[in-house]
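Hi there,

Here is the structure I promised to pass on. Please have a look at it first, and then read my notes below.

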Amino acid sequence: MKRQPGSRRRSEDRQRAIPSEIRLPKDVCELFQMVPDLKHQTNLNWRCAYMIGWKPEKDKLQHDRWHKVLGGEYKLGPKKLPIGLPPATEIKDSLQKQGYLMETFALRTDWRLVVGLGAAHVADTAMTIHRIYSAPYIPGSALKGITRDWVRQQIKKHASAFWNEKTFVLAFGSPHNEPQSPKNRGVALFFDAFPKGGFTIRVDVMTPHFKDYYEGKQMDLGNKKVPTPPADWLSPTPIEFLTVENTEFEFLIAVDAYRLKKLQDAGKAPGDVNAQTLLDEVKKALESALRERGVGAKTRLGYGLFKEVKEWRR
């Protein structure tokens with residue numbers, strides 16, 4: 001049977017659709033072979049989870065690995081990725097009709113942001129990426145956590161006229177040393193924060209110098225084994241991870257005004273606390289926490305800090 005013109009080239013293109021170092025189920029590999037460009041159209045979360053090579057090159061920092069994952073056009077510079085997310089105004093309008101007081105505001109990353117760095121991942125580092133919207137995001141639970149901690153510190157320092165133990169429990173729920181139940185949940189709600197319009201991803205590198213020491217490995221000393229010390233002869237180990245940079249995030253918070261009124265009528269909440277005032281104070285605390293402490297991993301090194309959009313400079 002005579003080979004059709006161009007059939008050999010198409011066969012070679014299909015073989016190159018999935019690099020040999022990537023391990024995927026047989027049926028998925030067959031799908032990629034049928035549609036070679038499919039790997040550039042898949043969800044970013046899926047690519048970061050499954051398109052990682054299992055055989056790293058020894059003489060490189062593996063920029064090519066993330067280059068393939070991020071769509072084949074990514075190098076050391078930033079890459080702007082468009083996204084299509086539901087506008088926060090639509091969510092705000094919908095919840096306002098249900099009796100919630102809502103507030104939105106936008107802040108821009110001061111430098112770099114990484115959330116979910118310690119999550120289980122084949123590349124040993126990870127980043128929180130939404131499975132549906134294919135975009136990095138900050139979970140509402142993380143935002144509530146940093147706001148709660150900020151307010152707790154303000155109470156200890158007596159730095160706020162509004163925040164005390166009663167308003168703290170009203171907003172955030174019972175302290176961690178009390179039983180958690182639906183009756184003890186707070187009236188303040190924190191929603192996931194998404195990039196506004198698009199986002200920039202950059203590969204960063206951390207270099208642990210004492211890997212054997214951190215892992216508790218043993219070394220030979222004479223005729224016995226001893227713990228490896230954090231010594232200068234140990235080789236540094238470069239580890240790449242993904243960060244978000246030069247990106248504006250939109251934050252959405254709310255107060256359940258209906259439930260607050262019910263608690264006040266039942267005598268279970270301070271009667272002099274106004275829902276709008278509570279919302280304003282929660283917003284102020286969240287903004288302060290983001291600007292002064294940051295969110296996510298490596299905040300002590302300057303990651304995760306935010307600034308006003310008008311204050312940001314490239």
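Predicted model: local features only at pLDDT ≥ 70, side-chain atom pairs only at ≥ 80, totals over all residues.

Residues are numbered from 1 along each chain as its sequence is written, and side-chain values use heavy atoms, with hydrogens and water left out.

**Confidence**

The mean pLDDT (the predictor's confidence in each residue, from 0 to 100) is 79 for the protein, and 73% of the residues score at least 70. Among the elements, helix H10 (residues 275-292) has the highest mean, 97, while helix H1 (residues 7-15) has the lowest, 46. Please keep two stretches in mind as you browse. Residues 59-63 have a pLDDT below 50, and beyond near neighbours in sequence this stretch makes 8 contacts (heavy atoms within 4.5 Å) in the model. Residues 72-79 also stay under 50, with 21 contacts beyond four places in sequence.

**Overall make-up**

The protein has 10 helices and 11 strands; these are DSSP runs numbered from the N terminus, with helices (H or I) of at least four residues and strands (E) of at least two. Of its 314 residues, 43% count as buried, where buried means under 20% relative accessible area, exposed over 50% and partly exposed in between (1.4 Å probe, protein chains only). Among contacts with a separation of 6 or more, 72% link residues 24 or more positions apart.

**Strand E9**

Strand E9 (residues 239-245) is largely enclosed by the rest of the structure, because 6 of its 7 residues are buried. Strands pair if DSSP finds at least two bridges between them. E9 runs antiparallel to strand E6 (residues 198-206), with 7 bridges joining them, and Asp204 has Phe241 in E9 as its bridge partner. Strand E3 (residues 112-113) is also antiparallel to E9, through 2 bridges, and here Leu113 stands opposite Val244.

Two packed helices are described by the angle between their axes and the distance between the axes. Axes are lines fitted to C-alpha atoms, for helices over the stretch in contact, and angles run from 0 to 180 degrees between N-to-C directions.

Helix H6 (residues 140-156) packs against helix H7 (residues 165-172) at about 175°, with the axes 11 Å apart. That makes the two roughly antiparallel (over 145 degrees; under 35 is roughly parallel, 65 to 115 roughly perpendicular and the rest oblique). On the H6 side, the residues that meet H7 include Lys144, Arg148 and Arg152, and on the H7 side they include Glu165 and Phe168.

With H10, the H6 axis comes within 9 Å and crosses at roughly 95°, so H6 and H10 are roughly perpendicular. Among the residues making this contact are Leu143, Ile146 and Trp150 of H6 and Val282, Leu286 and Leu290 of H10.

**Two threonines**

Which residue of E9 might you click on? I would pick Thr243, which lies in that strand and is buried, with a relative accessible area of 0%. Thr243 touches several residues beyond four places away in sequence, including Arg112, Met127, Thr200 and Tyr303. Thr277 in helix H10 is partly exposed, at 34%. Its C-alpha atom is 9.3 Å from that of Phe162, 115 residues apart along the chain.

Best wishes
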